[in-house]
Amino acid sequence: LGVATNNIAEYEAVLRGLQKLRDEYLPEHLKESHVIIKMDSKLVIEQLKGNYKVKHPNLTPRYLEVKNIIARSFPSVEFIHVPRELNKDADALANNAMDRGG
C-alpha cells in the first residue's frame, strides 16, 4: 500500500479479502454463503453498515469499491466490530509486519 492511513489500509484489507473469496469460490457457492467481516476498525464497520457517513474523500472510492463487490458477488454479508482488546493477536501480527516494512 505504501504510505496510507490506517482507515485506507482497513478498507483495502476488506476489499482484498472479498476479492480473494470471490475468486476462490464458485459463484453458486457464494449465492448460498453468509459472509461475516470482523475487524477492530469501528469507523469502517459502521460506515459499511450505513450507520456512519463516509466523509473523507480518500475513503469514498474504497467504500464504493467494497459496496460494489458486495452487491455483485455476496448476497449476505454481516459486519461485526471486534474491540482491539479482544483482537490482540491480529493486532500484534499487523504491527510486526509494519515493523518489518512489509
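Q: In which strand is the place of Met39?
A: In this predicted model, Met39 sits in strand S1, residues 35-39.

Q: Why is Met39 called buried?
A: Its relative accessible area is 8%. Buried means under 20%. Met39 is therefore buried.

Q: Which residues are in contact with Met39, leaving aside its neighbours within four places in sequence?
A: They are Glu10, Val14, Val44, Ile45, Ile80, His81 and Val82. Contact means heavy atoms within 4.5 Å.

Q: How far apart are Met39 and Ile80 in sequence and in space?
A: In sequence, 41 residues separate them. In space, their C-alpha atoms are 6.7 Å apart.

Q: What makes H1 roughly parallel to H4?
A: The axes of H1 (residues 6-24) and H4 (residues 60-73) cross at roughly 20 degrees. Angles under 35 degrees count as roughly parallel. So H1 is roughly parallel to H4. The two axes come within 9 Å.

Q: Is the crossing of H1 and H4 left-handed or right-handed?
A: The crossing of H1 and H4 is left-handed.

Q: Which residues of H1 and H4 meet, and of what class are they?
A: Ile8, Val14 and Leu18 are among those in H1. Partners in H4 include Tyr63, Val66 and Ile69. By class, the contact of H1 with H4 has nine nonpolar, two polar and five charged residues.

Q: Which residues of helix H3 are buried, and what do they pack against?
A: In H3, residues 42-49, the buried ones are Val44, Ile45, Glu46, Gln47 and Leu48. They pack against H1, S1, H4 and strand S2.

Q: Which residue just after H3 takes a positive phi?
A: Gly50 does, at about 90 degrees.

Technical notes
Residues numbered from 1 in each chain as written. Predicted model: local features only at pLDDT ≥ 70, side-chain atom pairs only at ≥ 80, totals over all residues. Heavy atoms only, no water. Helix = DSSP H or I, 4+ residues; strand = E, 2+ residues; numbered from the N terminus. Buried < 20%, exposed > 50% of the residue type's maximum accessible area, 1.4 Å probe, protein only. Axes fitted to C-alpha atoms, helices over the stretch in contact; angles between N-to-C directions. Parallel < 35°, antiparallel > 145°, perpendicular 65-115°, else oblique. Left-handed = near helix turned anticlockwise from the far one by under 90°. Nonpolar A, V, L, I, M, F, W, Y, C, P; charged D, E, K, R; others polar.
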